[in-house]
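Hi,

Here is the model I promised to pass on.

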Amino acid sequence: MRKLLIVSTSLLLAACATAPQTTPTTPSTSVNPVHHGATLIGLSATDLVTRFGQPAFRLKEGPGTKLQWRSANCVLDAYLYPRDGNRGDDYVTHVDTRRPSGDALDFASCVNLLAR
């Protein structure tokens with residue numbers, strides 16, 4: 001009986017112990033640690049068309065719009081959303097660049113390839 005009491009007490013104390021704290025890890029950055037897409041952030045669709053010409057692809061989904069420009073060596077996707085929720089003009093909030101194969105391509109190189 002005494003052994004059972006000691007085992008029960010040990011289990012009870014183990015159940016009350018706190019779990020070890022882990023330090024959250026910072027997510028690793030992708031191929032381009034510095035994203036220069038910020039130079040397009042805040043531009044309107046009209047601004048983008050002036051810079052790159054008409055997009056090769058346009059997709060409207062909910063309040064957002066995806067515009068895509070392509071060349072033989074570059075694909076640029078710009079994501080636009082209204083500043084005031086679902087009202088107002090759309091502005092660029094995010095930009096992705098890549099090669100047509102899907103391989104990484106830095107922002108500056110892609111913009112230079114697409115610029116008029």
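First, the ground rules. This is a predicted model, so I kept local features to pLDDT of at least 70 and side-chain atom pairs to pLDDT 80 or more, while totals for chains, interfaces and linings use all residues. Residues are numbered from 1 along each chain as its sequence is written, and side-chain values use heavy atoms, with hydrogens and water left out.

**The core**

The largest nonpolar core has 17 residues, and the members touching the most others are Leu40, Leu48, Phe52, Trp69 and Leu76. By nonpolar core I mean a set of buried Ala, Val, Leu, Ile, Met, Phe, Trp, Tyr and Cys residues joined through side-chain atoms within 4.5 Å. Buried is under 20% relative accessible area, exposed is over 50%, and partly exposed is in between (1.4 Å probe, protein chains only).

Which elements give two or more residues to this core? They are helix 2 (45-52), strand 2 (64-70), strand 3 (75-84), strand 4 (87-98) and helix 3 (107-114). Helix 3 contributes the most, with 4 residues. Helices (H or I, at least four residues) and strands (E, at least two) are DSSP runs, numbered from the N terminus.

Setting aside neighbours within four places in sequence, Leu40 is in contact with Leu48, Arg51, Phe52, Leu76, Val92, Val95 and Phe107. Contact here means heavy atoms within 4.5 Å.

The structure also holds 1 aromatic pair. The partners are Phe52 and Trp69, tilted, at 5.6 Å centre to centre with 50° between the planes. The pair links distant parts of the chain, with Phe52 in helix 2 and Trp69 in strand 2, 17 residues apart. Both Phe52 and Trp69 are buried. For pairing, the ring centres of Phe, Tyr and Trp (its six-membered ring) must lie within 6.5 Å; planes under 30 degrees apart count as stacked, over 60 as edge-to-face and the rest as tilted.

**Helix 3**

The buried residues in helix 3 are Phe107, Cys110, Val111 and Leu114. Down the helix 3 axis they fall within an arc of 100°, so they line one face of the helix; the arc is that of the directions from the helix axis to the C-beta atoms.

Strand 2 has 6 of its 7 residues buried, so it is largely enclosed by the rest of the structure. Strand 1 (residues 57-61) pairs with strand 2 in the antiparallel sense over 5 bridges, pairing requiring at least two DSSP bridges between two strands. Glu61 has Gly64 in strand 2 as its bridge partner. The two strands form a hairpin with 2 residues between them, and Gly62 in the turn has a positive phi of about 60°.

Strand 2 also runs antiparallel to strand 3, joined by 6 bridges, one of which pairs Leu67 with Ala78 in strand 3. The hairpin connecting strand 2 to strand 3 goes through 4 residues.

Thr97 is in strand 4 and counts as buried at 18% relative accessibility. The Thr97 side chain reaches the backbone oxygen of Leu105 at 2.9 Å.

Asp103 sits in the loop between strand 4 and helix 3. Is Asp103 buried or partly exposed? At 47% relative accessibility, Asp103 counts as partly exposed. The side chains of Asp103 and Ser101 are joined by a polar contact of 3.2 Å.

Cheers

How values were computed: A polar contact is a pair of N or O atoms within 3.5 Å; within protein, one must be able to donate a hydrogen and the other to accept it, and residues adjacent in sequence count only if both atoms are side-chain atoms.
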